[in-house]
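Let's walk through this structure together, going from the overall layout down to single residues. Keep the 3D view open as you read.

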Amino acid sequence: MTGVPASAAGGTGRRPAPGTKLGTAAVNQASLWNIANILTMIRLVLVPGFVMLLLADGGYDPVWRAWAWAAFAVAMITDIFDGHLARTYNLVTDFGKIADPIADKAIMGSALICLSWLGDLPWWVTGVILGRELGITLMRFWVIRYGVIPASRGGKLKTLAQGTAVGMYVLALTGPLATLRFWVMAVAVVLTVVTGLDYIRQAVGMRRAGLAAERASK
């Protein structure tokens, strides 16, 4: 039972043809169980598995850390592909809009908190990154009635730097590689702060412009 009268579909009770306007609307209404959403669900499921692998055997076993890195890498890869597939093949759904950012923040937040809890990463680094992400999320709701600020090139570099740095910290690296990961994380923190401040600047400007437009229309 669909609740749609047969007359609404041309009186035949059959599904509308893809070439008609009604058919186009039906095709564009992506199913919940599309490949983009499935990848997002996989990323959500990976979060508890990643945490268990990272903290296994006290959190310092190189083998378990390597498996944790593999889970983290899969999560990062699915993050790239699910968004691309959703935009390219018109698979955007309300579920995806909500679940995708939750999955992103869940895997990154759990990695940062676990690494700080293990003593591998200073808590202030975790605080800066997670504070920025939470603040920007709240900022989006603050200006959503006036528009959406698109992802910038700096924001994409920030995401890449964060993922690379956290992945390097998940691995049990020593020597020069351990030094290198420190500098990669330093770059990630700088990009996190700079892009966050730029987003605030754009959000404030957008809100001011929106309020001015509303006053002018009255």
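Helix α2, residues 35-55, packs against α4 at an angle of about 15°, and the two axes lie 9 Å apart. The crossing of α2 past α4 is left-handed. As for the residues that make up this contact, 16 are nonpolar, four are polar and three are charged.

Now step back to the whole chain, bearing in mind that this is a predicted model. The chain has seven helices and zero strands, so reading from the N terminus gives α-α-α-α-α-α-α under the DSSP assignment used for the elements. Of its 218 residues, 35% count as buried. If you take the contacts between residues at least 6 apart in sequence, 72% of them join residues at least 24 apart.

Next, compare the pair above with α3 and α4. How are these two helices oriented to each other? Their packing angle is about 155°, with the axes 11 Å apart. That value is over the cut-off of 145 degrees, which makes α3 roughly antiparallel to α4. This crossing is left-handed as well. On the α3 side, the contact is made by Arg65, Phe72, Ala75, Met76, Asp79 and Asp82, and on the α4 side by Asp100, Asp104, Ile107, Met108, Ala111 and Leu115. Sorted by type, the residues of this contact comprise seven nonpolar, no polar and five charged. As you look at the spacing of such residues, recall that an α-helix has 3.6 residues a turn, so residues three or four places apart point the same way.

What does Phe72 touch, leaving aside its neighbours within four places in sequence? Its contacts are Phe50, Ile107, Met108, Ala111, Gly163, Val166 and Gly167. The C-alpha atom of Phe72 is also separated by 9.0 Å from that of Arg43, a residue 29 places away along the chain.

Further along α3 you will find Gly83. Is Gly83 buried or exposed? Its relative accessibility is 15%, and because the cut-off for buried is under 20%, Gly83 counts as buried. Gly83 and Ala36 are 47 residues apart in sequence, yet their C-alpha atoms are 6.8 Å apart in space.

Let's move on to α5, which covers residues 123-143. The buried residues of α5 are Val125, Thr126, Ile129, Arg132, Glu133, Ile136, Met139 and Val143. What covers them includes α4 (94-117), α6 (153-170) and α7 (176-217).

Within α5, pick out Glu133. Glu133 is buried, with a relative accessible area of 14%. Not counting residues up to four places away in sequence, Glu133 touches Lys105, Lys158 and Gln162.

Lys158 and Gln162 are among the buried residues of α6, together with Gly155, Ala161, Gly163, Ala165, Val166, Gly167, Met168, Tyr169 and Val170. What do the buried residues of α6 pack against? Their partners are α2, α3 (62-88), α4, α5 and α7. In length, α6 has 18 residues and reaches 26 Å from its first C-alpha to its last, close to the 26 Å expected at 1.5 Å a residue.

Finally, follow the chain into α7. This helix has 42 residues and reaches 61 Å from its first C-alpha to its last, close to the expected 62 Å. Its buried residues are Arg181, Val184, Met185, Ala188, Val189, Thr192, Thr195, Gly196, Tyr199, Ala203 and Gly210. The buried residues of α7 pack against α5 and α6.

Technical notes:
Residues numbered from 1 in each chain as written. Predicted model: local features only at pLDDT ≥ 70, side-chain atom pairs only at ≥ 80, totals over all residues. Heavy atoms only, no water. Helix = DSSP H or I, 4+ residues; strand = E, 2+ residues; numbered from the N terminus. Expected span 1.5 Å × (residues − 1). Buried < 20%, exposed > 50% of the residue type's maximum accessible area, 1.4 Å probe, protein only. Contact = heavy atoms within 4.5 Å. Axes fitted to C-alpha atoms, helices over the stretch in contact; angles between N-to-C directions. Left-handed = near helix turned anticlockwise from the far one by under 90°. Nonpolar A, V, L, I, M, F, W, Y, C, P; charged D, E, K, R; others polar. Parallel < 35°, antiparallel > 145°, perpendicular 65-115°, else oblique.
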